[in-house]
Amino acid sequence: MSAFRKLYLDAYVLVYALYAFFNKGIAYSYLAEILLVIGVLILLKDFRKLEIVWDRSMQLLVLFLAVTAVYIARGMGSYPFMEIIRDSFMINYAIFALILLFFKNDINYLKEKLFLVYKWYPLAACCSFLLLSYIPFFEEFKVFGNVILLLYKFGDMGVHLLISTLFMLNGYIRMSKRFAVINTLLTIYIFLVIAAYSRSGMLAYLLGLGIFVVFTKSRELKLFMQGYLRYLPLLLILALSLYSATKLEENFQGRKIGLSQLKENVVSIVSSDASGSLNDNKVWRLAWWGKIIQDSYSGTTNFLLGRGLGMSMAAVDDIEQEEEGLRSPHNFHLNILARFGVPFFLLWMYWMYLILIRIRRKEISQYAFTLLTILFVFIVNASFDVYLEGPMGAFPFWTFIGLYYVNEITELEKNH
């Protein structure tokens with residue numbers, strides 16, 4: 001590996017770690033966008049070295065990027081240029097997948113660095129939560145823009161915690177038994193925190209872990225997990241003790257740490273009988289989603305082309321905002337429907353199907369199965385939050401798409 005390629009990959013991992021560890025606190029640092037621009041320049045310089053499998057999923061991905069370029073031109077003159085570009089990145093972040101394909105021969109170096117990031121993730125997430133909760137200084141400490149550095153969206157935290165868990169279970173993360181015990185304890189504790197504050201984070205983590213445990217084909221891993229279950233009750237008791245000792249006031253959504261909150265969150269997912277902000281939040285989302293679907297079928301332009309880029313969907317739909325500056329619905333797929341129209345939306349759904357259906361392959365490798373489980377969890381969280389529209393979710397998501405594409409090429413080369 002050349003020194004320049006190594007430098008870029010080191011920068012890639014550093015930026016990834018910052019987004020994983022600090023999330024919303026560095027959302028306005030533009031580090032991911034700068035990294036993407038540099039990656040594009042590298043890609044254009046040696047474009048002929050880019051190796052891709054020109055299957056339907058890749059064809060659709062390139063089509064999405066081409067259509068987005070047309071939509072940028074479509075919005076010019078009607079909306080502020082920076083708002084158009086901002087909205088276009090909900091698709092343009094996909095370029096990260098192509099950049100990783102360009103670095104195919106060096107991907108093992110990147111993977112090892114990412115495993116290291118997730119080795120420390122449970123500790124980083126726990127420290128971030130406790131510092132923000134108990135030390136007043138961090139309630140105001142800002143580095144980028146007007147966002148508190150340690151402000152973290154708990155749904156996003158659920159996704160990253162699941163990635164850390166799967167990497168540990170697979171043995172991709174090297175650690176001593178003592179460290180593994182501490183990491184497991186911290187993982188259970190921070191999951192309980194996530195489950196109290198975010199239904200989407202709780203759901204994403206449990207669905208991802210459930211799919212992984214039930215459908216994994218690795219006999220060695222199943223035996224390992226069976227042995228691991230002997231120690232789980234004790235670790236669960238310790239984590240619950242720490243969780244019960246965490247005394248905090250209600251947050252801005254009226255949610256708080258406690259077993260009663262966990263029960264309410266679980267019940268509210270499948271029932272409309274929950275009272276207060278939990279049910280109000282669900283009704284608010286469903287009302288907006290219903291309006292988007294209705295409007296998308298109400299006229300030829302909205303149906304075929306969508307509303308385009310640059311406008312605030314909350315303002316257009318006359319939606320009362322639950323958070324300042326909200327521009328998009330808490331569902332990435334419906335955001336695509338609203339902005340790009342029904343045909344593009346159906347192609348997006350088909351693209352996701354082409355990726356995720358591969359999890360049913362009989363001869364799928366454990367690594368590929370793990371990547372697909374992770375991608376499924378990203379999509380689950382993006383179905384309930386503004387996630388893949390910004391770098392906090394899109395940068396990791398398209399990184400894992402890139403890792404999966406690289407693995408596909410590598411496995412094809414081995415088979416031939």
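These exercises work through the fold, the core, the ring pairs, the salt bridges and the surface of one protein.

This is a predicted model, where local features need pLDDT of at least 70, side-chain atom pairs count only at pLDDT 80 or more, and totals for chains, interfaces and linings use all residues. Residues are numbered from 1 along each chain as its sequence is written, and side-chain values use heavy atoms, with hydrogens and water left out.

**Exercise 1. The overall fold**

Task: Find how many helices and strands the protein has, and what share of its residues is buried.

Solution. 
- Step 1. Count the elements. The protein has 20 helices and zero strands. Helices (H or I, at least four residues) and strands (E, at least two) are DSSP runs, numbered from the N terminus.
- Step 2. Turn to burial. Of the 416 residues, 54% are buried. Buried means under 20% relative accessible area, exposed means over 50%, and partly exposed lies in between (1.4 Å probe, protein chains only).
- Step 3. Look at the contacts (heavy atoms within 4.5 Å). Take those between residues at least 6 apart in sequence: 77% of them join residues at least 24 apart.

**Exercise 2. A covered helix**

Task: State how many residues of helix α5 are buried, and name what covers them.

Solution. 
- Step 1. Locate the helix. Helix α5 spans residues 95–102.
- Step 2. Check each residue. Eight of its eight residues are buried. They are I95, F96, A97, L98, I99, L100, L101 and F102.
- Step 3. Find the cover. It includes α1 (3–22), α2 (31–45), α3 (56–75), α4 (81–92), α6 and α20.

**Exercise 3. The core**

Task: Find which residues have the most contacts inside the largest nonpolar core.

Solution. 
- Step 1. A nonpolar core is a set of buried Ala, Val, Leu, Ile, Met, Phe, Trp, Tyr and Cys residues joined through side-chain atoms within 4.5 Å.
- Step 2. Read off the core. The largest one has 137 residues, and F96, W351, W398 and F400 have the most contacts inside it.
- Step 3. Follow one of them. Leaving out residues up to four places away in sequence, W398 touches L61, Y93, A94, F96, A97, W348 and W351.

**Exercise 4. Ring pairs**

Task: Classify the pairs F167–F400 and F191–Y205 by their ring planes.

Solution. 
- Step 1. Apply the rule. Rings of Phe, Tyr and Trp (its six-membered ring) pair if their centres lie within 6.5 Å; planes under 30 degrees apart are stacked, over 60 edge-to-face, and the rest tilted. The count comes to 41 aromatic pairs.
- Step 2. Take F167 and F400. Their centres are 6.3 Å apart and their planes stand at 35°, so the pair is tilted. F167 lies in helix α8 and F400 in helix α20, so the pair ties together parts 233 residues apart in sequence. F167 counts as buried at 2% relative accessibility, and F400 counts as buried at 1%.
- Step 3. Take F191 and Y205. This pair is also tilted, at 4.9 Å centre to centre with 35° between the planes. F191 is in helix α9 and Y205 in helix α10 (residues 199–215), so the parts they tie together are 14 residues apart in sequence.

**Exercise 5. Salt bridges**

Solution. 
- Step 1. A salt bridge is a side-chain nitrogen of Lys or Arg within 4 Å of a carboxyl oxygen of Asp or Glu. The whole structure has 13 salt bridges.
- Step 2. Start with E112. E112 sits in helix α6 (residues 107–119) and R174 in the loop between α8 (154–170) and α9 (177–197), 62 residues apart. E112 is partly exposed at 37% relative accessibility, while R174 is exposed at 63%.
- Step 3. Move to E408. R358 lies in the loop between α18 (342–356) and α19 (366–382), and E408 in helix α20 (residues 391–415), so the pair ties together parts 50 residues apart in sequence. Both R358 and E408 are buried.
- Step 4. R361 counts as partly exposed at 36% relative accessibility.
- Step 5. Join the pieces. D55, R358, R361 and E408 form a network of salt bridges.

**Exercise 6. The surface**

Task: Name the residues of the nonpolar surface patch of about 460 Å².

Solution. 
- Step 1. Begin with the total. The accessible surface is about 19600 Å², and 65% of it belongs to carbon and sulfur atoms. Areas come from the Shrake-Rupley method with a 1.4 Å probe; for residues, only the protein chains shown count as cover.
- Step 2. List the patch. I293, Y297, F303, L304 and L305 make it. Patches are made of residues with over 30% relative accessible area and no salt bridge: like charges are joined within 9 Å, nonpolar side chains (Val, Leu, Ile, Met, Phe, Trp, Tyr) within 5 Å.
- Step 3. Check one member. L304 is in helix α15 (residues 300–304). At 44% relative accessibility, L304 counts as partly exposed.
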